[in-house]
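Let's take a quick tour of this one. Have a look at the fold first, then read on.

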Amino acid sequence: MSIDVIVAYLHYLSFMLCFAALTLEAFTLKPELNIKDAWKIVIADAVYGIAAVTVLITGILRVIYFGKGTTYYLHHPFFYIKVAVFLLVGLLSIYPTISFLNWLKDLQKNQTPQLELKKVKLLLWLIRAELFSFLFIPLFAAIMARVNYS
Ligand code: HEM
C-alpha cells in the first residue's frame, strides 16, 4: 500500500473521528453530569483534538506531496473556503476545550464538575455550531477535488 493511500485514509478517518467525538459530547453534556459522563466528555475532547491535528497534518501533506500539486490548491477558491471553515471550527472549539480541561481538577479528586445551566447551554451551542460547520467541509473538499479553476 502506498503512503499516498495511507495519508488519504488517515485524512478521512480523522475527520470521521472529529464528527464522532463532537456528536458524543453533544449528546452527553447536560447540567446534572455524573463523573463517568464528565470523563467521557473530557476523553472525547482529547480524541477530537488529536483527530483535528491529524486532519490538518494529512491535509497539508496532501497539498504538498500527494495531491494535484500545490499550485492547483493555492489557485482554488474552495481550498481557501475549506481551510477557513476548518479554522472557524478550531476557534469555536477553544472555549469548550478550555472548560473541559478545567474539569480535570475536580475529576481527579473524584468530584463532579459544577455546571451552571447558562454555561451548559453555551457549550452545547458551540459544539452544535462546530458540528454544523464541519458538515460543509467534505462538500467543499469534493468541489475542490473536481472543479478545476486553473
Ligand atoms: C486545513 C485542513 C485541510 C487541508 C489542508 C486539506 C487538504 C486536502 C487535500 C489536498 C485533499 C485532496 C484533494 C484532491 O483529491 O485533489 C483533501 C481531500 C479531502 N478532504 Fe481535506 N483538508 C483539510 C481539512 C479537511 C477537513 C476538516 C475535512 C472534513 C471535515 C476534509 C475532508 C476531505 C475530503 C472528504 C476529501 C476528499 C475529496 C474528494 O476527493 O472528493 N478535509 N483535503
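In this predicted model, helix 5 packs against helix 2 and helix 6 through its buried residues. Those buried residues are Pro96, Phe100 and Trp103. They sit on the same side of helix 5, because they cover an arc of only 45° around the axis. Why does that work out? An α-helix has 3.6 residues a turn, so residues three or four places apart point the same way.

As for its dimensions, helix 5 has 15 residues and runs 22 Å from first C-alpha to last, close to the 21 Å expected. After helix 5 comes asparagine 110, with a positive phi near 60°.

Now for the inside. The largest nonpolar core has 18 residues, and Cys18, Ala21, Tyr48 and Ala51 have the most contacts within it. Helix 2 gives the most to this core, seven residues. If you skip neighbours within four places in sequence, tyrosine 48 touches Cys18, Ala21 and Leu22.

Then there's the ligand. It is surrounded by 20 residues, and the closest are Phe15, Gly59, Arg62, Ile137 and Ala141. Here's how that shell divides up:

| Kind of residue in the shell | Number |
|---|---|
| Nonpolar | 15 residues |
| Polar | three residues |

Which helix supplies the largest share of the shell around the ligand? That's helix 6, with seven residues. Helix 1 (3–28), helix 2 (35–66) and helix 4 (77–92) are also among those that each supply at least two.

Definitions and conventions:
Residues are numbered from 1 along each chain as its sequence is written. This is a predicted model: local features need pLDDT of at least 70, side-chain atom pairs count only at pLDDT 80 or more; totals for chains, interfaces and linings use all residues. A residue is near a molecule or strand if its C-beta atom, placed from the backbone, lies within 6 Å of it. Helices (H or I, at least four residues) and strands (E, at least two) are DSSP runs, numbered from the N terminus. Ala, Val, Leu, Ile, Met, Phe, Trp, Tyr, Cys and Pro count as nonpolar, Asp, Glu, Lys and Arg as charged, and the others, Gly among them, as polar. A nonpolar core is a set of buried Ala, Val, Leu, Ile, Met, Phe, Trp, Tyr and Cys residues joined through C-beta atoms within 7 Å. A residue is buried if 20 or more other C-beta atoms lie within 10 Å of its own, exposed if 12 or fewer, and partly exposed in between; C-beta atoms are placed from the backbone. Two residues are in contact if their C-beta atoms, placed from the backbone, lie within 7 Å. The expected span of a helix is 1.5 Å times one less than its number of residues. The arc is that of the directions from the helix axis to the C-beta atoms.
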